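User: I have a model open and would like to go through it with you. Could you take me from the overall fold down to single residues?

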Amino acid sequence: MNKTHDYYLTSILIILSLLVGVFTLHTSSLLTTGIGFGKDTRYIVYTEQEQILDHFLLHESKNLREIRKTNISDSTYLVTVSGVEQLSDYKDRIETIDAKLKVIVMGSFGSITKLKNNESFVATYFLVFFLVLLVYFSRRFKLMGYLSSLELISLVIGSLYFNQKMGYPYTKMLWYAVLISMIIIIFFEQYFLSEFEGQNLEDVLKSNKFLKGKYLHVQGGIALLFAFVAQFTFSLESFSFYSVAGFMGALSALLILRVVIQRFVTMPLLVYCAKRDQRQDNLDFVDDKIVNVKNQSRTIYLLGNIGLSLLLIITLTLGFMTQWDALESEDYTNQNVMILNRSDANTYLQLQALLHREGLYQQQKSYEVSEQEDLWIKFSDKLPFNDLESISKIVGEEMAVSVTYYNTSSATNPLGTLSFYKNLLIYLGASLLLYWTFFDLKKVWIQPAVSIMSLLAFVTLIIGLQIEWSLEIVFVTWSIPMIVSTVLIIHNNIFKDDRHVHQIVKMTGINFLILLIMAIPVFVIIPTDIAVEMVGILALMLVSVHMGVESIYLAKCLLRKVVGNAS
């Protein structure tokens, strides 16, 4: 009598788990972070050859450093660099690129210890994130879910590895890109694991041409969409977007490679091992839902809409109270800064008294003390340059200190620029093409309609809740059409009356689980400002997509009622 065992399959799973685990630990330890993660350096540079400076900074942006360059005047620039350990050595490097280039002022902020702690946090975040993902997929989809989660982890960590090897640092912008791409991939992965339920892997490989074709269609579509994001962000020629371009390009290539390896290596190998073990049932697709809310769908739907209505009321109330004044981060505001070469307590108190006397005490936004013990005072971006120049001279004369001051010319708020909307239309067009490949022309209009309403909801939430516009928020805004296409492809019956409630509740459940997977690592470890803000912004993004879907459905119902009454 033949006996069943799991020797072959178990051995393969152990080997795969060890390979993915070791690779994840290794890559996580390699990640080098960008600006805002604990150690940044600022240089005020004078040069008449801006192209030479730009060429040097472009090279440095591919040397695991995040770079930001802001205009002060026609020949003077504020350059911020991440991760510089020796301030003077890097100053010498900058000045060697051109004999006429001079570093006027420099200062380093934070510490290497803080930088290393934050890099450890990022590494730990991904380890916990992947562990939670692994547990969830294994609990719900059993062995096939476990294998699927190993593949997802390999995709992300492999893309981060290649991005690091290309010389791009791990930036805040990249963190958003990683999680947005994971949202899209997890959406589709759960969808297919559910669709294959009740079938065996061997049977799917042999017979189910429709699902296999749709799976290849989706994987190819996502890969092309990510390749577009990579090409487009790289073409922006912005130091802030190079890391995103590198990651998305690598992820696109790995998605294609994954399909090839699945088809010709991993899947046939798993089927072979299961046959040798005489345990083909281990490769059955199972969907053991953690919570079954089918009977409570309408209650959950009503509670969800009440919650969204309350959020919208609060947002609109705050928006009218603040007169819809959009807050801006340093990416989109002019900086008025005064630098003193002393930072002791007496100097600070004397300075505050002087500012109060001159009527500029309330114009202060913040202050920083550099490692060189210089005091950097930031004033409101509304402060006229003449006032900044005047107070700097008064402080220098009355306090007998060396004072430097500067005023930067930052980019205009994105909502007031043509390029923002042009780039948004490009993202919308690319997402529409992905959606169009799944549906006929009669249904194509739904995607841009939901995207526009979702974008309006997101912008309303950001302005109303007084969240500062930053480059990261701009990237999230551009990414919303991609999320909309993903949701509409998976929930293709969401606008049918008899399916709407169930599909909305299902979508809400997936959104909640994805947010939970992203948020657990933040709150299990030390919740840093960057990570908490990121989870909050992505939550608003998913909520805005929900609002967009509901608004179009309500408009459809209203239009149908009006037409019915008219006839």
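User: What share of the contacts in the protein with a separation of 6 or more comes from residues 24 or more positions apart?

Analyst: Such pairs account for 79% of those contacts, where contact means heavy atoms within 4.5 Å. Please keep in mind that this is a predicted model, in which local features need pLDDT of at least 70 and side-chain atom pairs count only at pLDDT 80 or more, while totals for chains, interfaces and linings use all residues. Residues are numbered from 1 along each chain as its sequence is written, and side-chain values use heavy atoms, with hydrogens and water left out.

User: How many helices and strands are there?

Analyst: The protein has 17 helices and eight strands, taken as DSSP runs (H or I of at least four residues for helices, E of at least two for strands) and numbered from the N terminus.

User: And why does the radius of gyration agree with a compact globule?

Analyst: A compact globule of 567 residues would come near 24 Å and the protein has 27 Å, which agrees; the radius is taken over C-alpha atoms, and the globule rule is 2.2 Å times the number of residues to the power 0.38. The C-alpha trace spans about 95 × 65 × 40 Å along its principal axes.

User: Which residues touch the most other members of the largest nonpolar core?

Analyst: They are Tyr125, Leu160, Trp175 and Met541, in a core of 140 residues. A nonpolar core here is a set of buried Ala, Val, Leu, Ile, Met, Phe, Trp, Tyr and Cys residues joined through side-chain atoms within 4.5 Å, with buried meaning under 20% relative accessible area, exposed over 50% and partly exposed in between (1.4 Å probe, protein chains only). Helix 4 (residues 112-165) gives the largest share of this core, 24 residues.

User: What does Met541 contact, leaving aside its neighbours within four places in sequence?

Analyst: With those neighbours set aside, Met541 is in contact with Ile180, Ile183, Phe458, Val476, Ile480 and Ile483.

User: Is Pro481 buried or exposed?

Analyst: Pro481 counts as buried because its relative accessibility is 0%, and its place is in helix 15 (residues 471-490). Beyond four places in sequence, its contacts include Tyr427, Leu428 and Gln447, and the C-alpha atoms of Pro481 and Gln447 are separated by 7.9 Å although the two are 34 residues apart along the chain.

User: How much space lies in the largest cavity?

Analyst: About 40 Å³ lies there, and its lining includes Ser61, Arg65, Tyr168 and Phe239.

User: Last one: where is Glu373, and what is its phi?

Analyst: Glu373 is found in the loop between strand 6 (364-369) and strand 7 (375-379), and its phi is near 65 degrees, a positive value in a residue other than glycine. With a relative accessible area of 55%, Glu373 is exposed.

Key. 1 Å grid on protein atoms, 1.4 Å probe; cavity = no way out; pocket = protein on both sides within 12 Å on 5 of 7 lines; lining within 4 Å. Points joined across faces, edges and corners; volume = space filled by probe spheres on them.
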